[in-house]
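Hi everyone, thanks for coming. Please have a look at the sequence and the model on the screen, and then I'll walk you through the fold.

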Amino acid sequence: MIGRLNHVAIAVKDIASATKVYQNTLGAKVTDAVPQPDHGVTTVFVELPNTKIELLEPLGADSPIAKFLERNADGGIHHICYEVDDIIAARDQLKGQGARVLGTGEPRIGAHGKPVLFLHPKDFCGTLVELEQA
Ligand SMILES: CC[C@@H](C(=O)O)C(=O)SCCNC(=O)CCNC(=O)[C@H](O)C(C)(C)COP(=O)(O)OP(=O)(O)OC[C@H]1O[C@@H](n2cnc3c(N)ncnc32)[C@H](O)[C@@H]1OP(=O)(O)O
Ligand SMILES: [Co+2]
């Protein structure tokens, strides 16, 4: 069911400083920072030849990544995003297999303007999974 690895997301407290690490220290191409108020985060994408790294900084105290950063003071890998051809079919198949879809269960528009869904980390080997419509 899952297709390409779209991105690996890293939660950070300071996105400007994290961007410098990727751009200046590692020599990667990065996008501008974009606030995503619907998701409670600001994003920067690091563009690699075969995939992307999504840097996430919380937008406000009730951001979904706020608790993660309380538990992981240095930041760290927050989720992995896989592309799927049909996000509704994928969701329904996964729900039928007992996986928990987070939030309302309905896809929302993500950072790339495409529908996304999140799956509970306890159902996927301790890793928060994002699905993005290909
Ligand atoms: C920009 C848009 C979009 C894109 O297009 O790319 C994004 O990426 S937005 C990214 C941010 N959005 C989200 O993360 C939305 C989905 N997340 C959630 O619904 C919640 O954050 C969560 C995953 C349900 C966690 O909720 P929270 O209240 O913070 O924690 P809990 O206490 O309920 O945690 C339960 C349990 O799960 C463990 N956990 C939590 N987060 C993670 C994680 N990222 N990776 C692995 N495990 C995680 C947590 O440690 C708890 O475990 P126990 O202590 O063992 O119970
Ligand atoms: Co993401």
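Let's start with two strands: β6 and β9 run parallel, joined by 6 bridges. When I say strands pair, I mean that DSSP finds at least two bridges between them. Helices (H or I, at least four residues) and strands (E, at least two) are DSSP runs, numbered from the N terminus.

A quick word on what you are looking at. This is a predicted model, in which local features need pLDDT of at least 70 and side-chain atom pairs count only at pLDDT 80 or more, while totals for chains, interfaces and linings use all residues. Residues are numbered from 1 along each chain as its sequence is written, and chains are lettered from A and ligands numbered from 1 in the order in which they are written.

Now the whole chain. How many helices and strands does the chain have? There are 3 helices and 9 strands, and along the sequence they follow the pattern β-α-β-β-β-β-α-β-α-β-β-β. The radius of gyration is 15 Å, close to the 14 Å from the globule rule for 134 residues, so the chain is as compact as a globular protein of that length. That radius is taken over C-alpha atoms, and the rule is 2.2 Å times the number of residues to the power 0.38. Buried residues are 28% of the 134. Buried means that 20 or more other C-beta atoms lie within 10 Å of the residue's own, exposed means 12 or fewer, and partly exposed is in between, with C-beta atoms placed from the backbone.

Next, the helices. The arc is that of the directions from the helix axis to the C-beta atoms. Here is a handy rule: an α-helix has 3.6 residues a turn, so residues three or four places apart point the same way. Just after α1, G27 takes a positive phi of about 70 degrees.

Helix α3, residues 87-96, has A90, R91 and L94 buried. Their arc is only 100 degrees around the axis, which puts them on the same side of α3. On the other side, A89, D92 and G96 are exposed. The cover over the buried residues of α3 includes β6 (76-84), β8 (115-119) and β9 (128-133). Just after α3 comes G98, with a positive phi of about 95 degrees.

Finally, ligand 1. It is surrounded by 25 residues, the closest being P64, K67, G110, A111 and P121; a residue is near a molecule if its C-beta atom, placed from the backbone, lies within 6 Å of it. Which element gives the most to this shell? That is β6, with 3 residues.

Note on methods. Two residues are in contact if their C-beta atoms, placed from the backbone, lie within 7 Å.
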